Number of protein chains: 2
Amino acid sequence: MVSKRIGMQTMVIQRAAIHSYAAVVGKKEGEGPLGNEFDDVIVDDTLGQKSWEKAESEMFLDVVKRCVTKSGKRMEDVEFLLGGDLLNQIISSSFAARQIGRPFLGLYGACSTMAESLALGAMMVDGGFSDCLMCATSSHFCTAERQYRFPLEMGTQRPPTSQWTVTGAGATMLVSSGGGAHISGVTIGQVVDFGIADVNNMGAAMAPAAAHTFVTHLTDTGRKPEDYDLIVTGDLGAIGTKLFLELVGEEGINLPQDRHLDCGLAIFAPEQDTHSGGSGCGCSASVLNSHILTKLFSGELKRILFMATGALLSPTSSQQGETVPSIAHAVVIETGGVIE
Amino acid sequence: MVSKRIGMQTMVIQRAAIHSYAAVVGKKEGEGPLGNEFDDVIVDDTLGQKSWEKAESEMFLDVVKRCVTKSGKRMEDVEFLLGGDLLNQIISSSFAARQIGRPFLGLYGACSTMAESLALGAMMVDGGFSDCLMCATSSHFCTAERQYRFPLEMGTQRPPTSQWTVTGAGATMLVSSGGGAHISGVTIGQVVDFGIADVNNMGAAMAPAAAHTFVTHLTDTGRKPEDYDLIVTGDLGAIGTKLFLELVGEEGINLPQDRHLDCGLAIFAPEQDTHSGGSGCGCSASVLNSHILTKLFSGELKRILFMATGALLSPTSSQQGETVPSIAHAVVIETGGVIE
C-alpha cells in the first residue's frame, strides 16, 4: 500500500468531498462585515435556554441540523459526528451529540478544532471508513468569558491585545463522492510554545504555531503561497496576524496581504470595538462554513489553505505559571468538480 | 473503493498492528492485584512537580517515552500522537505533547479516550496515513478529585457508589507492519443517557453506553461473546458491571463472567477500599497496556474486545441540573502474527 504521507506532517487526500456546510452566529457577529453570509443570526443569544452553556450546546445542535437539512440527506445518513468546543469536558458538543444520536468522536484542539475535525474526517472518508460524516464546532462569548476570564457581570475592562470570543458555530458535511469542493491535503500541527504567558494575548501565543504549520506545509508539499488563492488563518487577530507574517517572512516566505485572510479580523469591523479581533472555535468555523466555502463552491476561489489555530491553555495551567502552548492544523480545500 | 464499514457503527481494520505498549501507575495501583505487571509504579505521586496537574502531565510524558524506548524506535519515528485526558482543556496531554514535539491530535472522550485514540489511530494507519503513531492517555486521583469533586484537603467522605480515579497512564504504539497483535475492528459509540444525575455513580451512568456499543458491535459483526476470549470494559466498577450484564442480558446476550473483565474491578482489590472500583482514563489505559496486551502478545489471549467507557459530564453541567451522558468505543485486538 502506498503511503499517503508526504514530508513530515502532511497527508494527501484523494477522496473527501464537502457536500454541504452551515454557520450560525450571534447578534454582534451578525452586525459584522460578513453578517449577511451566515445561515442564521441569533438575536437572543440564550437561544431560550436557562444557561449560556445550554445555549451554546443548542447552537451546536442547530448548526448540525441546518447542515443536514441543506444537504438534502437525513440525520441517519450521517455516519459519524466529529466535534469539540472550548468548554470544560467539551459539554457543548457532547450534550448536542446526545440529541443528534450518531456515533460521536469528541475532539479538543481549542480554536483549531474545525481544522482538526476536517483533517480527521477527511482521513476517515478517504480511508474508506465513511461515506458521510459531520465535522462541527462552536463557541459562545458568554461561556468563554466566564470560564477563561471573568464573570460578565463584573464588567472587567479588556486589554487592547484581547480578542472577542465569537458566538458562533459551523458544520461541514464530508462525503466520499459528489460535493462542491474537496479536501486534497491535511497538515497536522505540532504543539509550539514561544513562551507567551499573557492570557490576554492569544494571537501572539498562536502565531508561532500557525507559522510552524504553514512553513511545514509548504516544505512538505513543495508549494508556494501563490499556489493558493487564499491562506486562511483561524483567529490570530490583529496582533497575531502581524506576528505570523513576520515569522513566515523570517523563513523567506512572502505572503502577500491580498492572499491572506484571518477569520478573527474578517468577522468583526474595527468600529465594533473587539480590540484585536475575534477568536474561539466558532470564529474560523463560522467564517469557513459561510464566506469561504461559498466562494469555493461558486468557483470564485479555486484552492485555499484553511489553517485554524488553538491555544492549549487552561485557567489552571495559567494560574500555575505555565506559558501558552499552541497548535495549528491546516486543510487544503479546492474545487475541481465532483469526485467520482 | 470498498467501504470498510460494516453494520451501523463498525469498521473493519486490515492493517494496524500494536508494536509496543507501556503503563505506569501510582502507589495505590501498584499495591493492587496487577501491581507487578506495570512498567513502573510511581512512589511519589507528585513526580517531583509543583502541582498535581504538572505531575499528571509528567506521567503522560513518561509513559510515551517508555513506550518509545520499549519499541526500539526513536521519538522522531512517531508520526502522530493521539491523546487526551480528563482535565479541563486536556492540559496533561497538551503540555506533554509540547515536550514530545510530534504532530498532535487532541481528543476528549473522558474515560473512553484510550479506545477512542486506538480507534482513530487504527483508521489512520489502515488508511495509509501513518506507519507509526502513538495513542496515550492519563488520569491522576489528585487532579480528578479537585476538578470534579472536592479538594482533597477537605477529606470528604465518599459514598459507596463512588469510584477511585486511577493514577496511571498508558501508551500504545500502532504500526503498519510487524507488531505482536493487531487491531482488526473498531466500533464507534453513540452518546447514551439513561437519566442518571448522581455524579457519584459513574458506573451506572456508563453501563448503558457500554451495553449499547456491545450489542451494536455484535449485531454489526454477526459475532457472539464466545468469539472473544475476553470482553474488557473500561471502568464500570462493581455497580456498573452488574448493570451492564443485566442490560446485555435483556438483549438476550449471555456474557459468562469468566469472559468479562472490567478494568475498574481488576486494578484494585476489595480490601483497598475504593468502594465501587477504579475509574479514570488511566484505568483502562494502564490495564490494557500491561495485563491485557501482555496476554495477547504471549498468545494466552487470541482475540479480545476492548471497550472503554466515558462519562461526558462536567461539574458545570451537573450544577446546571443535567444528567450524565456517556459513551463507549470498542476495539477488537487479536493475535495472528505479523501483518505483512
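**Exercise 1.** At what angle do helix H4 of chain A and helix H4 of chain B pack, and how far apart are their axes? Classify the packing, then list the residues that make the contact.

*Solution.* This is a predicted model. Take the geometry as step one. H4 spans residues 113-126 in chain A and residues 113-126 in chain B. The two helices pack at about 55°, and their axes lie 9 Å apart. Step two is the class. Angles of 65 to 115 degrees would count as roughly perpendicular, and those under 35 degrees as roughly parallel. H4(A) is therefore oblique to H4(B). Step three is the handedness: H4(A) passes H4(B) in a left-handed crossing. Step four is the contact itself. H4(A) contributes A:Leu120, A:Met123 and A:Met124. H4(B) contributes B:Leu120, B:Met123 and B:Met124. By class, that gives 6 nonpolar residues, with no polar and no charged ones.

**Exercise 2.** How much area do chain A and chain B bury between them? Find the residues of chain A that lose the most.

*Solution.* Start with the residue count: 62 from chain A and 62 from chain B take part in the contact. Next, the area. The chains bury about 5200 Å² between them, with 61% of it on carbon and sulfur atoms. Finally, look at chain A. A:Gln89, A:Arg98 and A:Phe129 lose the most area to chain B, together 15% of what that side buries.

Terms used. Residues numbered from 1 in each chain as written. Chains lettered and ligands numbered in written order. Predicted model: local features only at pLDDT ≥ 70, side-chain atom pairs only at ≥ 80, totals over all residues. Heavy atoms only, no water. Axes fitted to C-alpha atoms, helices over the stretch in contact; angles between N-to-C directions. Helix = DSSP H or I, 4+ residues; strand = E, 2+ residues; numbered from the N terminus. Parallel < 35°, antiparallel > 145°, perpendicular 65-115°, else oblique. Left-handed = near helix turned anticlockwise from the far one by under 90°. Contact = heavy atoms within 4.5 Å. Nonpolar A, V, L, I, M, F, W, Y, C, P; charged D, E, K, R; others polar. Buried area = accessible area lost by both parts, 1.4 Å probe.
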